[in-house]
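Biologist: I would like to learn how to read a structure like this one. Could you walk me through it, one feature at a time?

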There are 2 protein chains.
Amino acid sequence: MTTKERIAEAGLRLFHERGYNGTSVQDIVVAAGVPKGSFYNHFSSKETLCLDAVERFSGNLALENLAGPTVSPVARIEEHLRHRVALAGRSDFARGCLLANLAAEIPAHSPVLSEAVHGHLQRWQAALAETLREAQDAGEVARTVPAEALADYLVSGFEGAMSRAKLVRDRQPLDAFLDVTFDTVLARPAA
Amino acid sequence: MTTKERIAEAGLRLFHERGYNGTSVQDIVVAAGVPKGSFYNHFSSKETLCLDAVERFSGNLALENLAGPTVSPVARIEEHLRHRVALAGRSDFARGCLLANLAAEIPAHSPVLSEAVHGHLQRWQAALAETLREAQDAGEVARTVPAEALADYLVSGFEGAMSRAKLVRDRQPLDAFLDVTFDTVLARPAA
């Protein structure tokens, strides 16, 4: 792995677990095992590195699976969200969602990071809305609420549950949110 | 206002808007307009002051209104949550919910604060569950999902929407979450 890559990976991990203000450049170079001076050869600031972390994290959300044609649209959404729960479980839920963490932490600190986080949440929401429209067209989900509002609700609820899972280091809040969602909001409408 | 009170109020405001690691003791004494030395006469550490902030914030959640006998249980829940939206609107949604912010930020930094935040979220959830049980007993809400799971879902979703409202400085994510909730999850069951 190149020095730049080591710094980027250590940054993503530390920002994810300890937050933006809870992570110093010093923490990052120590975790990456590189000399402190090398940091600024690759990144102009901690903010720039955190932007890189947001891109890396968001690139792993596998939004393309939401558009896959193989199963029903609702099943694809459920698979997508349960897959994210499984990924979070790999670090015992100690990290939460990087986007949710930064949404709660950085608005007063970095307009650039806020904008990036917002952009990725919107892209995720748009992909969910597209799949929900498919589900409504297929009669899988009632049209009571527009697909865009349902997607908005899903993002907020899932992100809130991720933060609570981080707090208790347990999947339970995520399971509760998904169970209510798929048993009521996204339940197949009565014929 | 006493010096202690000024420090406590400045601490609550700064932790709420800028987070725990984004706020220094220096920031707090400057905002409070008190000499730095006076801080440690009243609080043993930043962590102790933040615990005080969590107590103050949670004391203002008006959970007692959830038990009020005047209107329907679901109307009480909706009033309670819309009231919290109105409170957040007073600072243009720039602060989010202190409990949600800390849940996302401090698990890796302070077990004591994590425990306090968890305790208050659980108390809030228990008060919501009690009101939801009433609603189910009154036939206002379907029994498809247990009251405790519905309360869990409400806390996660509302907290997630609060963080997104903080990110965009707008009430829209909160309105979307509440609309979906009251139009579907907590809609009166078909007779």
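**Reading the helices and their contacts**

Modeller: Gladly! Chain A has nine helices and zero strands. Please keep in mind that this is a predicted model.

Biologist: In what order do the elements of chain A run from the N terminus on?

Modeller: The order reads α-α-α-α-α-α-α-α-α. Along its principal axes, the C-alpha trace of chain A spans about 65 × 35 × 30 Å.

Biologist: What share of the residues in chain A is buried?

Modeller: Of the 191 residues in chain A, 45% are buried. As for contacts in chain A between residues at least 6 apart in sequence, 66% of them join residues at least 24 apart.

Biologist: How should I think about buried residues as a group?

Modeller: Here is the general idea: in soluble globular proteins, nonpolar side chains tend to be buried together. In this model the largest nonpolar core has 112 residues, and Val117(A), Leu128(A), Val117(B) and Leu128(B) touch the most other members.

Biologist: Which residues does Leu128(A) touch, leaving out those up to four places away in sequence?

Modeller: Leu128(A) touches Leu66(A), Ile77(A), Ala151(A), Leu154(A) and Val155(A).

Biologist: Now to pairs of helices. How do I describe one?

Modeller: Two packed helices are described by the angle between their axes and the distance between the axes. Let's start inside chain A: the axes of helix H8 (residues 147-168) and H9(A) come within 7 Å and cross at roughly 155°. That angle is over 145, so H8(A) is roughly antiparallel to H9(A).

Biologist: Which residues of H8(A) and H9(A) meet?

Modeller: On the H8(A) side they are Leu150(A), Leu154(A), Gly157(A), Phe158(A), Ala161(A), Met162(A), Arg164(A), Ala165(A) and Val168(A). H9(A) brings Gln172(A), Pro173(A), Leu174(A), Phe177(A), Thr181(A) and Val185(A). By class, the residues of this contact between H8(A) and H9(A) are 11 nonpolar, three polar and one charged.

Biologist: Let me pick one of those. Is Pro173(A) buried or exposed?

Modeller: Pro173(A), which lies in helix H9 of chain A, counts as buried because it has 26 C-beta neighbours inside 10 Å, and 20 or more is the cut-off for buried. Pro173(A) and Ala161(A) are 12 residues apart in sequence, yet their C-alpha atoms are 5.3 Å apart in space. Leaving out residues up to four places away in sequence, Pro173(A) touches Ala161(A), Arg164(A), Ala165(A) and Val168(A), along with Asp152(B) and Ser156(B).

Biologist: At what angle do H6(A) and H8(B) pack?

Modeller: Helix H6 (residues 98-105) of chain A and H8(B) pack at about 60°, with their axes 8 Å apart. That makes H6(A) oblique to H8(B), and the crossing is left-handed. Ala100(A), Ala103(A) and Ala104(A) of H6(A) make the contact with Gly160(B), Ser163(B), Arg164(B), Lys166(B) and Leu167(B) of H8(B). The residues of the contact between H6(A) and H8(B) divide into four nonpolar, two polar and two charged.

Biologist: And how do the two H9 helices pack?

Modeller: Helix H9 (residues 172-185) of chain A and helix H9 (residues 172-185) of chain B pack at an angle of about 55°, and their axes are 10 Å apart. H9(A) and H9(B) are therefore oblique to each other, in a left-handed crossing. Val180(A), Thr184(A) and Val185(A) meet Val180(B), Thr184(B) and Val185(B). Among the residues of the contact of H9(A) with H9(B), four are nonpolar, two are polar and none is charged.

Technical notes. Residues are numbered from 1 along each chain as its sequence is written. Chains are lettered from A and ligands numbered from 1 in the order in which they are written. This is a predicted model: local features need pLDDT of at least 70, side-chain atom pairs count only at pLDDT 80 or more; totals for chains, interfaces and linings use all residues. Axes are lines fitted to C-alpha atoms, for helices over the stretch in contact, and angles run from 0 to 180 degrees between N-to-C directions. Helices (H or I, at least four residues) and strands (E, at least two) are DSSP runs, numbered from the N terminus. Angles under 35 degrees count as roughly parallel, over 145 as roughly antiparallel, 65 to 115 as roughly perpendicular and the rest as oblique. A crossing is left-handed if the near helix is turned anticlockwise from the far one by less than a right angle, and right-handed if clockwise. Two residues are in contact if their C-beta atoms, placed from the backbone, lie within 7 Å. Ala, Val, Leu, Ile, Met, Phe, Trp, Tyr, Cys and Pro count as nonpolar, Asp, Glu, Lys and Arg as charged, and the others, Gly among them, as polar. A residue is buried if 20 or more other C-beta atoms lie within 10 Å of its own, exposed if 12 or fewer, and partly exposed in between; C-beta atoms are placed from the backbone. A nonpolar core is a set of buried Ala, Val, Leu, Ile, Met, Phe, Trp, Tyr and Cys residues joined through C-beta atoms within 7 Å.
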